Amino acid sequence: MSFKLFIYYCALLGGWAAFLSWGFAQGLGIRRLDSAYLRAALIAAVLGFLVAGAVGFADALLNAKGSQRWMRLAICLGVGLVGGSFGGLVGQVLNSMMHAPLVFGWILVGICIGASVGVFDVVRAVKKAEELHLPFKKTLNGCIGGCIGGLLGGLLFGFMFPNDKIPRTDLAIGLVVLGLCIGLMIGLAQVFLKEAWLKVTRGFRVGRELMLSKNETTIGRAESCDLGLFGDNTIERTHARILLKDNRYLLADADTPGGTFLNEQRIGAPTPLKSGDVIRVGNSVLEFGERQKRT
Amino acid sequence: MVQTCSKCSRANPSDAVYCYFDGFVLGGHTRNGGPVAVGAQTFGHPFVFPTGRQCRNFDELALACQEEWNAARELLQEGFLEKFLGGLGRVDLARAAGESAKFPNADLGLHQLLEKLPTEVLGEPRLSLETQEINLGVVEIGGKRSFDLHLENQGMRLISGTITSVDAPWLALGDAAGNQKHFHFQHEWKLPLHIRTAKLRANDKPLEGHLEIESNGGSFIVVVRAQVPVIPFPSGVLAGAKSPRQVAEKAKANAREAAALFETGAVADWYKSNGWTYPVQGPAASGLGAVQQFFEALGLTPPPKVEINASRIDLIGTPGEQLSYAIEVKSQEKRPVYAHASSNQPWLEVGRAKLNGRTATINLSVPSVPHKEGETLNAKLIVQSNGNQRFIVPVTLQVGGALVFGAATPAEASAIVAPSLVKTSSDKRRSRSSEALPSWIHLLPAALLLLALLTAVVADRLMPQPPEAGNRDDDIHAGGNPFEALRYHVKDPDPLIAVRFDGDTERFGVELTKERDPENNDKYKRLTFDDHGKSNNTVINIDNFEYKFGDRKDNNRWGGPRGSWKQKPIPNRKGWTSTMEFTSEKVEVTQLVEIVPGESGYLDTVLVYYTIRNNDEGKHKIGIRAMIDTFIGGNDGVPFTIPGKKGFVDTKADLSAKSIPDYIEVIENPNDPKNPGTVARMGLRLKLPGIKLDEMDRLLICRFPGHTAGWDIKPVSMKPDKSGDKKEKPDSCVIMYWPYEIMNPKDTRHVAFTYGLGSLDVGGSDTLALSVPASVLPDSDFVVTAYVWNANKGDKVKLIVPNGLRLAQGESEEKVVDESGARTLVFWRLHSSGTGEYELEASKGKAKANPKKVVVKAMSIFG
């Protein structure tokens, strides 16, 4: 999946998830609850659950593999559920007690949804005692995107809700706009604030892009590889690695007979990468990109 | 008898003493009169080495060659020895030297010559080894290990021979390839031996190899031993396995967990670490297919018979277009199927197989159809599945399909894939990767979302309010406003005034229905500045937060399901309620606006009534204030009459609770007793049956502060500020406050006022008129007001008080006008006793005001 498609589907899936959350809220009678706190918490919980799941699904498609995708999705759903209910409740309390605009609640919900995207990476890094810089960065990017999305969507939500002429679907429109905004902004934040990435320019699924969010990113034919280049028998199961060491990305060959080539030069020891470098493994060609020079 | 030379085996005459050919002593003549040894025979002239060493006979020559080997080798190569021996007359030796000089290896050449010299001083070569058994200990696979084999010549001349590695492919002889090596040396030689760790195979038994050495100095066999222990499987469910069989057993017990280890290559890596050949050829399958693949490779399970769903694939596409296709490899047997494929053409890319039980799906894609319009490209797809079952599927790509199919879009063209296969039910096109999809496909979910939303909205608009919700809410709020339960009678159902609402905020304006606006005959005369009341407002103060009734925000909204209580008509009445919820505080305020009968008995008065409910679990401090932007005819700054207050209010007034009168009123033409015009009256102290109304806390009569005015208003004179440049007109309003006080949970408060028409019946030769409250409570004080026109200071006005009413303490029937004026006011404070209707009269001299009726009853209206 390319980054453009990733952003697009983050927004779209967010919108669909929000539409479904309206369906749940409507069908379960949440809107008819007397308690404004309970009402806000439940609607935001459903919204957080589904939108976080949707955005997490898009993220898993781009950045995860195999069964790890389901684990990512499960964590996103959990964090979205808890964070959504928390954000909705706090937003309502702020609104009731301090007359803060409801948009604050949606901002909190957006932040929680955005954070959910990076929680898996943080947990994994902690478990493996790896450096936490990249996972934290990813989580922070998600929070920033969620915050902006919550703000923008919350403001639009305020304009669109309530509407007496469409008493049932005014919430649907508001939530869909909110979900679209949160999804869009999380996707944009992930892409525009990313540090480094790979793009497949020749080989399996040309145009596919992968954000580097781990200290070691594996490239190879095995499904367990972070960047799977299937169908190319000239590539080993694990063919090459991109390592983050001392704030530098290094390309390392995994002792393969065919070798790994950086700008058409076969590498021996791990070799520093710079933005625009072309990596060749087997018959597949990748392009390395880096947003900023790490120092 | 012929004598045979014991050295050269050639025949010589029977009487010969020396061999004719090599000069060797023939048998029977040794030490028998001839030279004992030819080697000791002195040369005619010595052979001198470059070092100066002189050789006088063959013995010395042989020894010199042995000791100065390199020099002798060079002399041989350069032909000096050949010439010397020829000069001795030993043609045989000279020829031998010539041949030896040409020998490819100079050392071996010299060695051959020395063998032929007639001397016995040079002994035979004799090979010696340091050891014939070498134990290398533990050798790690992947590491580097070398050692030297030391050979020594304990004899003379040169040792030459071969060394061969037997049963030890892991043992390399020197740096060259091969398992045999030739050697020759004069004194000693070290053969470097390298362990080819890549060829080591882990085994619990020690490895043993042999080196066979064959030479002219003897033969030996050297035994080489090494320990290569098996590395157990490091992790996962296969941990501890030390042989493929153990791996298979563990994998069988935990197939799903083990599958990941096969799939990721961990098992293959383990094989490699032990130096074993991984039995699975080709890429690893995924899931259980990987386990099946391993078992098949070990021969533990037979491979299932598989079949492929495509015998050939025909693709059509336009240059640059993306195409995709999927083929399936299936088995009827209940065993996992795995497969992988490769293409022999770069334009056809093969994806990794997706395994699903008995089916393996392989995605094919053409990322970009080559720019070879009109050509048909061919490729071969080689599919390999269980048990190395192979299928070769021809693939054709017809470039330029769009030309063939006219207006076919790329998406349509891509759909024309393998038409021959589409006919077969077994061929189903698989979902393609997102990049392979036509771009419009990505818009489909967005369009569907829009459609779903639109459908929901349209359905929402078309559907009635949800009956269950509406009924429930109606039930809860039925009779929630006690005023709605009141019943009253009117003299004429045709109202004299009308109420107009602002559609957004439910603010309301009041206008007459029978009289035209004097300034605009197309409209009716107004009692509020805006006929829709947009300039009025009502503010609810909850815990110091101000809300304007009718202004919707995040947490103040119209009540009822989906705001259905924005305006609800009261059945069979000319009244409407609007309920607003303040969700943060859970406070509900209902505004009731109804045209009710005033003192005249006609529908000429608007009752404005607010009910405040605290539905929260906690207390709230709540107050309410209403502002009416008063207007009458074309006059926006009419002076107010406040009963009991001297003079007319034409600037401002700020009255606190107890000084607030029963009513205030304005007269359209106050200075014209013959035509006073419309009289508007605002009732401030109402009594309603069965309802406890909060008393007003504060009353402001002042300049209109604007429709956005909040709770706190600084009263300003209704007269224009003359200091300003603008020519402003008088602009009056009335602002009513009810107490800002604590409301406990579930408390309800009611406040109300009326605004409508009053009446002024001017009598006494157009000089005197009485104004009284529409009704008064029994046993209570009230104020009677006399309007006096053209009065002079000192004029006396007398009120005739009927029985049942009496003057309040300190009051007198006769009042003196204390200042002259076109119009002035005189008040009396009376006290009521029992209920009933009483007529009041007043006179000023001979002039008498028309009688005015006062109704004493328990309630001010509807009692």
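1. In this predicted model, the largest nonpolar core has 98 residues. The residues with the most contacts inside this core are V606(B), V608(B), F753(B) and A786(B). Strand β44 of chain B, residues 781-791, gives the largest share of the core, namely eight residues. Apart from this core lies another, of 78 residues, and among them are I148(A), L171(A), I182(A) and L188(A).

2. Which residues does V608(B) touch, not counting residues up to four places away in sequence? The partners are V593(B), A626(B), A752(B), F753(B) and Y755(B).

3. The next point concerns the meeting of the two chains. In chain A, 40 residues are in contact with 39 residues of chain B. On the side of chain A that touches chain B, α1 (3-27), α3 (68-98) and α6 (170-192) of chain A each supply at least two residues. The largest share of that side, six residues, comes from α1(A). By class, the residues of this side of chain A comprise 19 nonpolar, twelve polar and nine charged.

4. Helix α1 of chain B, residues 58-67, is mostly covered, since seven of its ten residues are buried. These buried residues are F58(B), D59(B), E60(B), L61(B), A62(B), A64(B) and C65(B). What covers the buried residues of α1(B) includes the strands β3 (47-48) and β4 (54-55), together with α2 and α5, of chain B. The two helices α2(B) and α5(B) are taken up again in the points that follow.

5. How is the packing of two helices described? The angle between their axes and the distance between the axes are used. For helix α4 (residues 91-102) and helix α5 (residues 106-116) of chain B, the axes come within 8 Å and cross at roughly 165°. Angles over 145 degrees count as roughly antiparallel, and α4(B) and α5(B) are therefore roughly antiparallel to each other. The crossing in which α4(B) passes α5(B) is right-handed. On the side of α4(B), the contact is made by L93(B), A96(B), A97(B), S100(B) and A101(B). On the side of α5(B), the contact is made by G109(B), L110(B), Q112(B), L113(B) and K116(B). By class, this contact has six nonpolar, three polar and one charged residues.

6. Helix α5(B) also packs with helix α2 of chain B, residues 69-78, at an angle of about 90° and with the axes 9 Å apart. The range from 65 to 115 degrees counts as roughly perpendicular, so α2(B) and α5(B) are roughly perpendicular to each other. Here A72(B), R73(B), L76(B) and Q77(B) of α2(B) meet A106(B), D107(B), G109(B), L110(B) and L113(B) of α5(B). This contact has five nonpolar, two polar and two charged residues. G109(B), L110(B) and L113(B) take part in the contact with α2(B) and also in the contact with α4(B).

7. Two backbone positions deserve a remark. N263(A) has a phi near 50°, a positive value in a residue other than glycine. N263(A) is found in the loop between β7 (260-262) and β8 (265-266) of chain A. Is N263(A) buried or partly exposed? N263(A) counts as partly exposed, because it has 13 C-beta neighbours inside 10 Å.

8. The other position is D167(B), with a positive phi of about 60° although D167(B) is not a glycine. D167(B) lies in the loop between β8 (159-166) and β9 (171-173) of chain B.

Terms used: Residues are numbered from 1 along each chain as its sequence is written. Chains are lettered from A and ligands numbered from 1 in the order in which they are written. This is a predicted model: local features need pLDDT of at least 70, side-chain atom pairs count only at pLDDT 80 or more; totals for chains, interfaces and linings use all residues. Two residues are in contact if their C-beta atoms, placed from the backbone, lie within 7 Å. Helices (H or I, at least four residues) and strands (E, at least two) are DSSP runs, numbered from the N terminus. Ala, Val, Leu, Ile, Met, Phe, Trp, Tyr, Cys and Pro count as nonpolar, Asp, Glu, Lys and Arg as charged, and the others, Gly among them, as polar. A residue is buried if 20 or more other C-beta atoms lie within 10 Å of its own, exposed if 12 or fewer, and partly exposed in between; C-beta atoms are placed from the backbone. A nonpolar core is a set of buried Ala, Val, Leu, Ile, Met, Phe, Trp, Tyr and Cys residues joined through C-beta atoms within 7 Å. Axes are lines fitted to C-alpha atoms, for helices over the stretch in contact, and angles run from 0 to 180 degrees between N-to-C directions. Angles under 35 degrees count as roughly parallel, over 145 as roughly antiparallel, 65 to 115 as roughly perpendicular and the rest as oblique. A crossing is left-handed if the near helix is turned anticlockwise from the far one by less than a right angle, and right-handed if clockwise.
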